[in-house]
Amino acid sequence: MATKHVKKTHNQRFTVMDAILFLLLTVLAFTIVFPFYTSIIVSIMTEHDYLRNPFTLIPRNPDFSSYETLIKQGNIIRAYKNTLIHLALGMPLSMFLTCTLAYALSKRSFPGKKLLFVFIMITMVFGGGTVPAFLNIKELGLINSRWSVVLSNGIGTFYVILVMNYIQTLPSSLFDSARIDGANEFTILTRVVLPLSKPILATVSLFYLVDKWNEWYGSMLYLNKAALYPLQLELKQIISNAQILDDIVMTNSMYRSMPTFSMGIKMAAVVLTMLPIMCVFPFLQKYFVKGVTLGSVKG
Amino acid sequence: MNGTRTAVNTGTRKRIARRIKRILMDNWQLWILMIPAVVATFIFNYVPMYGIQIAFKNYKIKKGIMGSAWVGLKYFRLFLGTPSFGVMLRNTLALSVFQLALFPVNVIAALMINELRSEKYKKVVQMISYAPHFMSVVVICGMIRLFFAKDNGIVNNLIAMLGGRRVDYLSSGTAFRYLYVLSGVWQDLGWGTIIYLATLANVPQDQVEAAIIDGASRLQIVRHINVPHILPTAITLFIMAAGKVLSVGYEKILLLQNNLNLGASQVFSTYVYQVGLQGGEYSLSTAVDLFNCVVNIIVLTGVNFITKRASGVSLW
């Protein structure tokens, strides 16, 4: 009885410490949300309101002209399209390469497996470096081709390991019975392994999705034509390249006589770039978390 | 003598050939499955390694990788001899050590979140704290540049509103270090807690109950049960972080860099980009890259070796 009583007080009383914890973590949460929130607010403010008080929590007269300007100018739409093309080409490719490789590596043993494993793992710690990679892409004739970005981001070694670890936990009796029934490796992979690996495939495809959405460095190195820029690179240009902004302002002045609010336009570009991820991630976060915890078990 | 050797050689060759044949034939379906991935890895990861040799050559585009003349360690000497080498090393270490010093932030955040009473609130805090992790470096740096801009940024507007003088954070070396490191902490605070929280979920409940019976306070439980429980994980992660002491996130640095903060923001990998792809000095750039990569591997192995000796925790 006595222990029960002690436990109760420990578990249920809301102490001063709980209050402090609650307060601290609430402050923390606000600190994390604040920059996002402010970006959105500034993007729908007029310059006049912004100069009067930049810290508005709820703008009195929300104004979407920054978005209008950006969209009318068209670069950002083009960039959206480019990013979507990268995803459409890159996602199936990456998933295909990851699944086939992970399945092969998940085999307990076959001659040559160790070699293959080392061959793949080395790429995690050692690579040619920026210039040799660039020269390689150039040699392949992929400069200013979307395939440079798509192919050079084909395999994420870490994700291969996640899938491999998962497949290894599946009962091998399933594979054996399929093999006795005369199924070949490809059939086993597509009919037995992949359907059973749905959770990890969901996780890994989301990781790929975010990586590809956020990709910009390879695009900067390999794509020199503005018409090919993906979203992230376009955002970089809008924020750091005064000329691009002038261009946007000029397009804007053709439509309206209002002065353009450059801070608002830049913020709107930030918001447009992060919005899709922001919208999907709350629903998908459990898959991401799973990926991290799975990775930490063995990796 | 000669004849027998050839005989032996053909014998071994035959055996090797048979072995290769066996390797390929026994699992030909598997190999066919792997071919695309192996070929892709070869073309995009291994072929560039072949290009590393230009670090030891005077690379001329016209002559190609093979045709260019060998110059030995010329570019390594050149690079190690410049004063910018010291500056870059100092900058890299300053950023890394600053980052490492803030390593416990994630641990503390995890311990705090774990102590929250309301499961629902815990979920909310976690979800919010994960959000920044998914934002691209371009978005994060974009926000930094907009918020801290001198003329029109929110932070400076606030300072001006309060009667202070505007500060040009984006051009200041010191401010660059703070912006770089603290934005990193902000971005990965929540994400970094995941592993710790997963570990904390496995704290043996009988120990906790025994401690409660013995009259331990909550703080004591955290200190004597929770902290020791996550310590091995924390040490492992710390080794990983310490091993990367010489490889800082160049993407973010590149995006925050300008001519005015270059004194604090130039590191090896950004130098590689500038000298190589912007300046066209391919050989020098590759030499710096190779140097950086090799030193990184040495440091990682070294740190791992030391901690393995000292604490028994190791990466491999």
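This is a predicted model: local features need pLDDT of at least 70, side-chain atom pairs count only at pLDDT 80 or more; totals for chains, interfaces and linings use all residues.
Contact here means heavy atoms within 4.5 Å.

**Stop 1: the interface.** Select chain A and chain B together. The contact draws 100 residues from chain A and 84 residues from chain B. The size of an interface is often given as the accessible area lost when the parts come together. For chain B and chain A the buried area is about 8100 Å², and carbon and sulfur atoms supply 80% of it.

**Stop 2: polar and charged links across the interface.** Between chain B and chain A there are 12 residue pairs in polar contact, with both residues at pLDDT 80 or more. On the side of chain B that touches chain A, helix H2 (residues 28-50) of chain B gives the most, with 18 residues. That side of chain B comprises 61 nonpolar, 15 polar and 8 charged residues. The salt bridges between chain B and chain A number 2. To display a salt bridge, select A:Asp18 and B:Arg117, whose closest N and O atoms lie 3.7 Å apart.

**Stop 3: helices H5 and H12 of chain A.** Select residues 75-106 of chain A for helix H5 and residues 198-214 of chain A for helix H12. The two helices pack at an angle of about 145°, and their axes are 9 Å apart. The crossing of H5(A) past H12(A) is right-handed. From H5(A), the residues in contact include A:Tyr80, A:Leu84, A:Leu87, A:Met91 and A:Met95; on H12(A), they include A:Leu201, A:Val204, A:Tyr208 and A:Trp213. By class, the residues of this contact of H5(A) with H12(A) are 11 nonpolar, 5 polar and 1 charged.

Stop 4: Side chains of opposite charge can pair when their charged atoms come close. Select A:Arg78 and A:Glu234, which form a salt bridge with their closest N and O atoms 3.8 Å apart. The pair joins distant parts of the chain: A:Arg78 belongs to helix H5 of chain A and A:Glu234 to helix H14 (residues 231-240) of chain A, 156 residues apart. Over all chains, the count comes to 9 salt bridges.

**Stop 5: helices H10 and H11 of chain A.** Finally, select residues 172-180 of chain A, helix H10, with residues 185-196 of chain A, helix H11. Their axes are 10 Å apart, at an angle of about 145°, and H10(A) passes H11(A) in a right-handed crossing. A:Leu174, A:Phe175, A:Ala178 and A:Arg179 of H10(A) face A:Glu185, A:Ile188, A:Val192, A:Val193 and A:Leu196 of H11(A) in contact. The contact of H10(A) with H11(A) holds 7 nonpolar residues, no polar ones and 2 charged.

Definitions and conventions
Residues are numbered from 1 along each chain as its sequence is written. Chains are lettered from A and ligands numbered from 1 in the order in which they are written. Side-chain values use heavy atoms; hydrogens and water are left out. Buried area is the accessible area (1.4 Å probe) that two parts lose on being put together, summed over both. A salt bridge is a side-chain nitrogen of Lys or Arg within 4 Å of a carboxyl oxygen of Asp or Glu. A polar contact is a pair of N or O atoms within 3.5 Å; within protein, one must be able to donate a hydrogen and the other to accept it, and residues adjacent in sequence count only if both atoms are side-chain atoms. Helices (H or I, at least four residues) and strands (E, at least two) are DSSP runs, numbered from the N terminus. Ala, Val, Leu, Ile, Met, Phe, Trp, Tyr, Cys and Pro count as nonpolar, Asp, Glu, Lys and Arg as charged, and the others, Gly among them, as polar. Axes are lines fitted to C-alpha atoms, for helices over the stretch in contact, and angles run from 0 to 180 degrees between N-to-C directions. A crossing is left-handed if the near helix is turned anticlockwise from the far one by less than a right angle, and right-handed if clockwise.
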